[in-house]
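Trainee: I have a structure open and would like to learn how to read it. Could you walk me through it?

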Amino acid sequence: MSARFTLKFMRECFHRKLRSSGALGLGASRHYSTSSHAPQASPKVPHSSKKGRLLTGATLGLVIAGGAYASTVDEATFCGWLFSATKLVNPFFALLDAEVAHRLAVSAAARGWVPKEKRPDPSILELDVWGKRFSNPIGLAAGFDKNAEAVEGLLGLGFGFVEVGSVTPVPQEGNPKPRIFRLRQEGAVINRCGFNSEGIVVVAKRLGAQHGKRKLDETSSTSTSSNEEVKHGGKAGPGILGVNLGKNKISEDAAADYVQGVHTLSQYADYLVINVSSPNTPGLRQLQGRKQLKDLVKKVQAARDEMQWGEEGPPPLLVKIAPDLSKQDLEDIAAVALALRVDGLIISNTTISRPDPVSKNLVAKEPGGLSGKPLFTLSTNILEEMYILTKGKIPLIGCGGVSSGEDAYKKIRAGATLVQLYTAFAYGGPALIPQIKAELARCLERDGFKSVYEAVGSDVR
């Protein structure tokens, strides 16, 4: 990597920082100002602003150190260093309120203040699902980027796919704060956000701009690099984009909410998700009943299919289910999915149960959905059961408690074609992504599998 590129990189980073007015927390400083007529005493600096400045200082230090390091190594090595260096910032985020830390992380990704993966994924991880090419099966679950603010930055981290949302038709604040609680020792989180969303209009504008940029990049790539193959990717960039649809809390017609989401957002999505499994919206999980789910899916499918589509056709339609389901519930969902030819199932959302060791933590008394490591066994058992019930005919996305490549591998062997994570990413940061992919590739090779496909459902076939 040349010194010229290094200087350009550093200059761009500093300019971004100045323009963003505090991508990592300095925004708090805008809420107070000094005046020439004010007393001479120094203004009191809010605590959150001080923490934001610590984060900013740490980030700038990484940029400066990285710039010096970049001039002596190749691009791939420097990329690896950047991912590893993000571990140094994680302790600062741990000092902040969970929701504040989450907002700062989304802002950082939205402004490009996260490393960009330049290294190719191991070829053994590449797979095609729904006629779409995934460079790897590791995705970011819905809930992190609820309002599609940071799609480009998150895909750039090296995820095979990113799912935004849940998005509701009308903007809503969600449940009162505090509503996110860390159980750090257990590697878990309890949340009761309640579909806080800026609404489909705002999200549609963001995804529309991203889609336009992608098309422009494809055109430019085709015209300037005629000898090179256009990069694989989805509608939002070098990765697949899922859009998770929710319903408003006060809505009396759930189907109408999901239909509205389809009409507005499906043109920007590589796949769509009907979320009927959040425990934080009253009555939502009742939509998982056999009759209710059948009626809902039929209406949403009809809304999608009545739209005009090109050669690609309509985006696949998935349903996200809860882990707190009986054997009969699972049989009913599987029957509906097979009868209506649902394109996929996401298994699973958060749980209202409190399995050990969470049950011994005082925070466990907080109402809401539990995610993270304690959910792994429960969600994986449900995944395995659903793979058997659907006879391996429907692609499944395994979600819940994944924090390592070995965990992802177990999900795949239990029946998942793709895997999602969220809580582990919140704790581990960007450095976790290349680590999980490398571990997963080693697991596949260790057991003699030549592809992800060969391993799907191998424990239950």
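**A strand inside a barrel**

Mentor: Let us start with strand β7 (residues 240–245): six of its six residues are buried, so the strand is largely enclosed by the rest of the structure. Buried means under 20% relative accessible area, exposed means over 50%, and partly exposed lies in between (1.4 Å probe, protein chains only). Strands (E, at least two residues) and helices (H or I, at least four) are DSSP runs, numbered from the N terminus.

Mentor: Before going on, note that this is a predicted model: local features need pLDDT of at least 70, side-chain atom pairs count only at pLDDT 80 or more, and totals for chains, interfaces and linings use all residues. Residues are numbered from 1 along each chain as its sequence is written, and side-chain values use heavy atoms, with hydrogens and water left out.

Trainee: Which residues of β7 are buried on each side?

Mentor: In a regular strand the side chains alternate between the two faces of the sheet. In β7, Ile240, Gly242 and Asn244 are buried on one side, and Leu241, Val243 and Leu245 are buried on the other.

Trainee: How many bridges join β4 to β7?

Mentor: Two strands pair if DSSP finds at least two bridges between them. Strand β4 (residues 161–167) runs parallel to β7, joined by six bridges, and Val164 stands opposite Val243 of β7. With β8, strand β7 forms a parallel pairing over four bridges, where Asn244 stands opposite Val273 of β8.

Trainee: What does the sheet run through, strand by strand?

Mentor: The order is β3-β4-β7-β8-β9-β10-β12-β13, a closed barrel of eight strands with parallel pairing. On average, neighbouring strands are turned by 25° against each other, direction ignored. Further along, β12 (residues 396–399) and β13 (residues 418–421) pair in the parallel sense over three bridges, and Gly398 has Val419 of β13 as its bridge partner.

Trainee: At what angle do helices α10 and α11 pack?

Mentor: Axes are lines fitted to C-alpha atoms, for helices over the stretch in contact, and angles run from 0 to 180 degrees between N-to-C directions. Helix α10 (residues 327–339) and helix α11 (residues 376–389) pack at about 45°, with axes 10 Å apart. They are therefore oblique to each other; angles under 35 degrees count as roughly parallel, over 145 as roughly antiparallel, 65 to 115 as roughly perpendicular and the rest as oblique.
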